[in-house]
Amino acid sequence: MRLTVVGCSGSLPGPASPASCYLLQADDADGRTWSIVLDLGSGSVGALQRYVDPRDVDAIAISHTHADHCADLAVLDVLLKYHPDGPIALPVHGPFGLATRIAELRGADDHSEALPAYAWQPGAPVSIGPMTVTCAAVEHPVPAYGLRIEGPSEQGGTAVLAYSGDCDVCPGLGEVAADADVLLCEASFLESEDAPRGLHLTGARAGQVAQVAGVGRLLLTHVPPWTEPYEVVAEAAAEYAGPLDAVHAGMRVSL
């Protein structure tokens, strides 16, 4: 599997990055490339087109329905519906009620024909080509899910990418992160900010989760534009003994 960071700015687009959006790709036994987009936050559809034609994406996986993780579904609907090559439908997996949320973003009353929505069922796998996605409910002010994606490793065998979405420390996050090769984990707050509970992780909390879960590599994301990434990395490094980085837009990772 290959991960491309399309957008990683926390809570809103920043000057160097759109909001949350990650492209995960893998090749099947016949050499066909399959593409999953994890979240489609504010400003991300434009940047996504640098890496893949959105019409070639096989599925979209939405962790939760805050705008910085799903707002660009509205403009993707326009692209899929009015492209000169003709309309197509692209399945979107996300929390229950996602179809209504897409309609709200579109300013419409009807559900999108271009973006048929399917509700996550915790523990029930969703197969997308050679990749399998499972979810677990995580702690956030709206229904939210952490995602665990298993697929072919670029080094042979299989690999696991865990994605926190937005959440605080909770059993669901530990479930998706357990023994993952890579944990793509939000770190929106700093401990020095007297961060509230039940909303987002800090760098320290992300590091603690990674250490307990035994992940192979920790990638910190969703850092707001007003926070220096090195600060959350420093907090995480005090809690996690493995390799870690703060991601940036355009970063590519081989699993």
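Reader: Which residues does UniProt list for "domain: Metallo-beta-lactamase"?

Author: The unreviewed UniProt entry lists residues 53-222; such annotations may be inferred rather than shown by experiment. This is a predicted model, where local features need pLDDT of at least 70, side-chain atom pairs count only at pLDDT 80 or more, and totals for chains, interfaces and linings use all residues. Residues are numbered from 1 along each chain as its sequence is written, and side-chain values use heavy atoms, leaving out hydrogens and water.

Reader: How do I read the packing of helix 6 and helix 7?

Author: Two packed helices are described by the angle between their axes and the distance between the axes. Here, the axes of helix 6 (residues 203-213) and helix 7 (residues 229-237) come within 7 Å and cross at roughly 40°. That makes helix 6 oblique to helix 7 (angles under 35 degrees count as roughly parallel, over 145 as roughly antiparallel, 65 to 115 as roughly perpendicular and the rest as oblique). Helices are DSSP runs of H or I with at least four residues.

Reader: Which residues make the contact?

Author: Gly203, Ala204 and Gly207 of helix 6 meet Val232, Glu235 and Ala236 of helix 7, where contact means heavy atoms within 4.5 Å.

Reader: Is Glu175 buried or exposed?

Author: Buried means under 20% relative accessible area, exposed over 50%, and partly exposed in between, with a 1.4 Å probe and protein chains only. Glu175 has 51%, so this residue is exposed. Glu175 lies in helix 5 (residues 171-177) and touches Ala136 and Arg148, not counting residues up to four places away in sequence.

Key:
Axes are lines fitted to C-alpha atoms, for helices over the stretch in contact, and angles run from 0 to 180 degrees between N-to-C directions. Helices (H or I, at least four residues) and strands (E, at least two) are DSSP runs, numbered from the N terminus.
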